[in-house]
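User: Hi! Could you walk me through this structure in simple words?
Analyst: Happy to, here it is.

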Amino acid sequence: MASTYIVPIICLSLAVVCVARPIYPLPSKVRNDCRQPVQTSRPYNIAHRGSNGEIPEETAAAYMRAIDEGTDFIETDILSSKDGVLICFHDVTLDDTTDIGNHKEFQNRKRTYEVQGVNTTGFFTVDFTLKELKRLRVKQRYSFRDQQYNGKFPIITFEEFISIALDAPRVVGIYPEIKNPVFINQHVKWPGGKQFEDRFVETLKKYGYKGSYLSKDWLKQPVFIQSFAPTSLVYVSNMTDMPKILLIDDVTVPTQDTNQSYWEITSDAYFDYIKDYVVGIGPWKDTVVPVVDNYLQTPTDLVSKAHAHDLQVHPYTFRNENRFLHFDFHQDPYQEFSYWINKIGVDGLFTDFTGSLHNFQEWTQSLSEEAQDDKNASKLLDKVAFLISSYKKQ
């Protein structure tokens with residue numbers, strides 16, 4: 001009689017192992033080999049700071065929402081606390097996306113530092129320990145987005161971010177940025193002469209990230225390392241073969257560390273140089289297709305040039321709101337996705353609205369497959385008709 005229950009129990013156990021979210025505190029190192037792999041057959045859906053069109057950026061909730069909505073990669077910006085703990089946060093100052101202004105105990109921490117050649121005043125992450133940063137709560141950057149989650153979520157660490165990806169019910173890649181490395185290395189000192197980039201790569205390795213693009217190791221735990229600082233990408237190339245992406249700003253903005261112009265870093269000569277260190281570029285989308293009076297102009301040759309050097313192109317940032325959609329798309333984000341994927345031919349898209357991009361790709365892929373099925377059925381009918389006509393002639 002007991003044996004009657006063994007098979008159901010075993011099946012239930014296997015199901016729990018494969019699909020259940022482990023119950024333990026973050027960060028996680030539990031391996032789960034039953035998960036669906038990341039897709040590599042269509043442009044990557046990259047959740048820009050999580051699903052931050054819905055939930056405040058760089059929070060655990062925003063990343064989990066993006067995973068639920070079907071993202072391929074969760075993207076984050078990595079900075080550091082005063083005591084050298086790597087955190088997920090975009091701005092070097094806390095002013096715009098936290099409730100720092102409500103904390104009277106910190107009001108004497110306001111400073112003015114030079115950041116990328118500009119004197120900037122505010123409350124800087126590098127002047128707060130992790131314990132102090134954890135007392136703050138994150139808020140939505142844009143006033144026209146949902147404000148109901150303001151004050152509900154704390155700043156998270158890089159390790160906590162990694163554990164969110166590792167605990168996902170399917171394989172979800174990570175896309176961390178080495179953010180403002182020149183500034184961080186000026187204000188944070190680690191033991192043993194280490195620098196920001198060292199600690200960044202050490203953290204990835206600690207959690208099993210390794211391998212070149214599309215290698216077996218990479219497919220198990222996909223990662224892209226990104227930065228606006230070419231020197232940082234070259235530096236980390238000496239420590240890991242994990243794929244790297246060179247981010248490219250507006251045509252008027254020089255690189256953070258080498259002070260090179262946009263035209264220099266998008267030249268054929270520079271692409272020949274940088275392709276030994278990176279697998280792609282992440283340009284601001286208006287540098288790929290210039291815009292005048294909110295109308296698209298003739299696309300540049302940036303994508304074709306990058307592809308000719310075997311470099312991927314992952315432009316940023318795609319947002320659903322009308323104020324971010326050029327008039328050509330008639331207030332329809334799906335038209336924008338279609339334009340960039342089907343006409344421009346990009347290899348990935350950074351988006352604030354992961355669910356929208358995922359739905360677009362799922363629907364269009366289904367339509368494409370149906371069209372192919374119809375085409376194959378039509379060919380089969382043509383063959384049958386040909387055979388019948390041939391038989392009648394005999």
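**A chat about helices and charges**

Analyst: Let's begin at a helix end: α13 is followed by G345, whose phi is positive, near 80 degrees. Helices here are DSSP runs of H or I with at least four residues, strands are runs of E with at least two, and both are numbered from the N terminus.

User: Before we go on, what kind of model is this?
Analyst: This is a predicted model, in which local features need pLDDT of at least 70 and side-chain atom pairs count only at pLDDT 80 or more, while totals for chains, interfaces and linings use all residues. Residues are numbered from 1 along each chain as its sequence is written, and side-chain values use heavy atoms, with hydrogens and water left out.

User: Thanks! How many helices and strands does the protein chain have?
Analyst: There are 14 helices and 13 strands in the protein chain.

User: And what share of the residues count as buried?
Analyst: Of the 394 residues in the protein chain, 50% count as buried. Buried means under 20% relative accessible area, exposed means over 50%, and partly exposed is in between, using a 1.4 Å probe and protein chains only.

User: Back to α13. How far does it reach?
Analyst: Helix α13 covers residues 333-344, twelve residues, and reaches 15 Å from its first C-alpha to its last. That is close to the 16 Å expected at 1.5 Å a residue, where the expected span is 1.5 Å times one less than the number of residues.

User: Which residue caps its N-terminal end?
Analyst: D332 does that, with a side-chain oxygen 2.9 Å from the backbone nitrogen of Y334.

User: Is Y334 buried or partly exposed?
Analyst: Y334 counts as partly exposed because its relative accessibility is 26%. This residue sits in α13, where the buried residues are P333, E336, F337, Y339, W340, I341 and I344.

User: What does Y334 touch?
Analyst: Not counting residues up to four places away in sequence, Y334 touches S356, N359, F360 and W363. A contact means heavy atoms within 4.5 Å. Also, the C-alpha atoms of Y334 and L357 are separated by 7.6 Å, with the two residues 23 apart along the chain.

User: New topic: why is α4 described as largely enclosed?
Analyst: Seven of the nine residues of helix α4 (residues 158-166) are buried, so the helix is largely enclosed by the rest of the structure. The buried ones are F158, F161, I162, S163, I164, A165 and L166.

User: Which residues are linked in a network of them?
Analyst: R49, E57, D77, D91, R141, E177 and K179 are linked in a network of salt bridges. E57 pairs with R49, and their closest N and O atoms are 3.1 Å apart. E57 counts as buried because its relative accessibility is 4%, and R49 is buried too, with a relative accessible area of 9%.

User: What about D91 and R141?
Analyst: Their side chains meet in a salt bridge at 3.0 Å, N to O. The pair links distant parts of the chain, 50 residues apart: D91 is in the loop between β3 and β4 (111-115), and R141 is in the loop between α3 (130-133) and α4. D91 counts as buried at 12% relative accessibility, whereas R141 is partly exposed, with a relative accessible area of 23%.

User: And D198, where is that?
Analyst: D198 is in helix α6. This residue is buried yet has no salt bridge, and the nearest side chain of opposite charge, K194, is 6.2 Å away. For charges, Lys and Arg count as positive and Asp and Glu as negative, while His and the chain ends are not counted.

User: Which side chain does D198 make a polar contact with?
Analyst: The side chain of D198 makes a polar contact with the side chain of Y235, at 3.0 Å. A polar contact is a pair of N or O atoms within 3.5 Å; within protein, one must be able to donate a hydrogen and the other to accept it, and residues adjacent in sequence count only if both atoms are side-chain atoms. A polar atom of the D198 side chain also lies 3.0 Å from the backbone nitrogen of Q195.

User: Which residue does K194 form a salt bridge with?
Analyst: K194 forms one with E202, with the closest N and O atoms 2.6 Å apart.

Methods. Salt bridge = Lys/Arg side-chain N within 4 Å of Asp/Glu carboxyl O.
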